[in-house]
Amino acid sequence: MEEQQPLRSPKKMAKALTECQSISVGIDDLGEDLIQNILNRLPAKSFASAACVSRSWNSICNRVLSSPKLSSAVSFNPLLENAVNEVVDKVLLEPIRPHFALVSVGPFFLLEETLQLIERKLGSGIPIIINVSEGIIGRDVHTDQFVEVQWEVTVEDDTAVSPDQHFQRGIILTVGFLPGLKAHVIPLFQHKGPQGLLVDKFVTDIREAAPTASDSASPAGIILFAGRKTNIKPVLQTIEYAFPEDTFIVGDADSQFLYGSNIGENITMSPGTTCAAVALVLTRDTNKPLGIGETKFDVMLSTGVSPIGPTYKANSVKHNKSSTWLTASRETARQHLDGESILEEIYDQLGDRILYPAFYVGVTKRRKCFVGTEKVRRMQFHEFHEVLGGDEEYLFVNYPGIKTGDPFRFYISDSKAALSSSNDVSDKLRHLKLDCEKRNNHASGGFGYSDKVKVFGGIIFSCCGRGDPFFGQPRIDSSTFLNNFPGVTFGGTYCAGEIARGNLGSYEPDDEEHSFIHCNQHVFGAVYLVMSYFPPPREQ
C-alpha cells in the first residue's frame, strides 16, 4: 500500500477545506464551549488549519490564543536533525503561534545547521537565537523527566575529542507566544578599528524598536547573548543607564551564538564589523486586539558567592591584554601587601569552611554613563573578576581594567549561601503564587482558565559552577521553580556569565548604601525570568 502523499495542489487543498467546512456545520451544533475544548487539544499545525475552516472557528481559535504560552523541550538525540525534529514536535503538540524561539545546543552541534533546521520547521519569519551553552535544564522529550545536564568536554588533541562526545550532544528549544508583545532581534556590532563596540547604536536600535509598536520608548525586556570575546560589562552599564527599572534584562554573557531575524527587519552589517552580541527585545504592542490581557515579568536572582575578608584598595597596578597585576592595602592600614600576603589573609579568614573554593574580587567603580549627546550620569557598579593567583610581588586578576585606588573585596563560591539564596527565591515564588490565587478568588466566578491570573512559564540562566556536585543535592535550581509551579513550562541553560539587573545589596545586605551600587553580571548565580498573565478587566 502506497504511503499517502500530502495535499499540495490548490484544487486538492480547496476540496479538503470544503470538506472541513461541511463537517464544521454539524460540529457547530455542539456549542462553542465544547468546540473550544476540542480545538484546544489539537497540535499547533492542525489548530492553524482549523482556524481557516470558518469565521466561527477562527473566532474560537483566537479566543484559545488570547492568553500567552511558553513551550519548551529537551532532546539528547545524538543526530542533530532527529533532535530538532523531536523538540519541535514536542513544543507544537499544543496550540501555539511562535513569536520567538530560543535554542541552546551542546558543543558538538553546529550553529549554522541548527538554525537552518529550526527555520525549516518553524519558519524564517520569527526571531530565533541559538547559542552553545555550558549545559541545559529542561524536560526530556522521551522520559518527560526534568533534567539538569552540564557538558564535560575533553579535548585530547587538535583533531580528536573524548569518546564521551555523544553525551555532549543535546538541545533545548523554547518558543514563546506573547499576545500584546512583539519580539525583535537586535545585534550589537563591533568595529575592528578604535571605535570598538557600537554601544550607542545598539541602544538606539533597541529604543527605535519600541515606538514602532508601542507608546513607550522603552522595551518590556531584553534577553541578551554576548560572544566569548566580548567585554559585555560596559554594554550592560550603558543599558542600565538607558532603560528604566521596569525593563527586565537577563541573559548569557559568554557564549557562541547565531540568530535569525524577522522578515522585514533590516539588519545590515557594515564592512569591517563583527557581531559581538545579540538581544531578543520584547516591546509592548499598543495595537493589540480587544480581549488581550497583560504579560508581566519578574526577575529573581539566587546568589552563590559570599564576601570574605576586609575591603582593600589597589595600589601598584600593571596590566596586560587580559589581566591586572596589583598590590593592595587594607582600607584601615597603609601597608602595601603583595599577592601571597593578601591570599594568606583570605585563607586565614576562610579556615576549613570550604574546600577548593573559586576566588573572585568584587570591584566597585564609578562610571560616567551616557548615550550620544545625552546628559552624563555618574553611576556606581560592582564587577566580579576571577582571581588567578598571587606571588611575592602581585595578585593576578583576570581583568585588565582595575585601576589604582579602586576598592575591592574577596568573594568565594559558597554552596550554603547559594542554597539559602535559593530558598529566598522559592519564598518569593510562593508569594507570587499566593498573590495569583488571591486575585483569582476575589474575581467574580464563572470564568475559564484563560481568564485567570497565572504564572505560565519561566526561563533560567544558571552558572555552570552550580549543579548537583556544587550543592551535593540533585536539581536544586530547577526544583526552586517547579516546587511552586508544577506543570508550568520551565527551562534554560547553564552559562559562564549570568546577566540580571541587581545591586550589591544582594551580596552584602547589611549596608543600605549597597542597594545603590548596580551589579548586572554575576558569578555562581541563577537568574529566573518568571512570566505571568493578567487577563483584561471583565466587562461590567
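Biologist: In the largest nonpolar core, which residues touch the most other members?

Modeller: Ile223 and Phe297 do, in a core of 46 residues. Please note that this is a predicted model.

Biologist: What does isoleucine 223 touch, leaving aside residues up to four places away in sequence?

Modeller: Isoleucine 223 touches Leu102, Phe248, Val250, Val278, Ala279, Leu280, Phe461 and Leu529. Apart from this core lies another, of 29 residues, with Val88, Leu117, Ile126 and Ile128 among them. In soluble globular proteins, nonpolar side chains tend to be buried together.

Biologist: Turning to helix α6, which of its residues are buried?

Modeller: The buried residues in α6 are Leu111, Thr114, Leu115, Leu117, Ile118 and Leu122. They cover an arc of only 165° around the axis, so they lie on the same side of α6. An α-helix has 3.6 residues a turn, so residues three or four places apart point the same way.

Biologist: What covers the buried residues of α6?

Modeller: The cover includes the helix α5 (80–91) and the strands β2 (100–105), β3 (128–132), β6 (171–177) and β10 (256–260).

Biologist: How far apart are the end C-alpha atoms of α6, and what span should its residues give?

Modeller: Helix α6 runs over residues 111–122, and at 1.5 Å a residue its 12 residues should span 16 Å. The end C-alpha atoms are 16 Å apart, which agrees with that expectation.

Biologist: Now the cysteines. How many disulfides does the count come to?

Modeller: The count comes to zero disulfides.

Biologist: Is cysteine 463 buried or exposed?

Modeller: Cysteine 463 is buried, with a relative accessible area of 8%. Cysteine 436 is also buried, and its relative accessible area is 6%.

Biologist: Finally, the whole chain. How many helices and strands are there?

Modeller: The chain has 12 helices and 23 strands. It consists of 540 residues, and 50% of them count as buried.

Biologist: Among contacts with a separation of 6 or more, what share comes from residues 24 or more positions apart?

Modeller: Such residues account for 78% of those contacts in the chain.

How values were computed:
Residues are numbered from 1 along each chain as its sequence is written. This is a predicted model: local features need pLDDT of at least 70, side-chain atom pairs count only at pLDDT 80 or more; totals for chains, interfaces and linings use all residues. Side-chain values use heavy atoms; hydrogens and water are left out. Helices (H or I, at least four residues) and strands (E, at least two) are DSSP runs, numbered from the N terminus. The expected span of a helix is 1.5 Å times one less than its number of residues. Buried means under 20% relative accessible area, exposed over 50%, partly exposed in between (1.4 Å probe, protein chains only). The arc is that of the directions from the helix axis to the C-beta atoms. Contact means heavy atoms within 4.5 Å. A nonpolar core is a set of buried Ala, Val, Leu, Ile, Met, Phe, Trp, Tyr and Cys residues joined through side-chain atoms within 4.5 Å. A disulfide is a pair of cysteine sulfur atoms within 2.5 Å.
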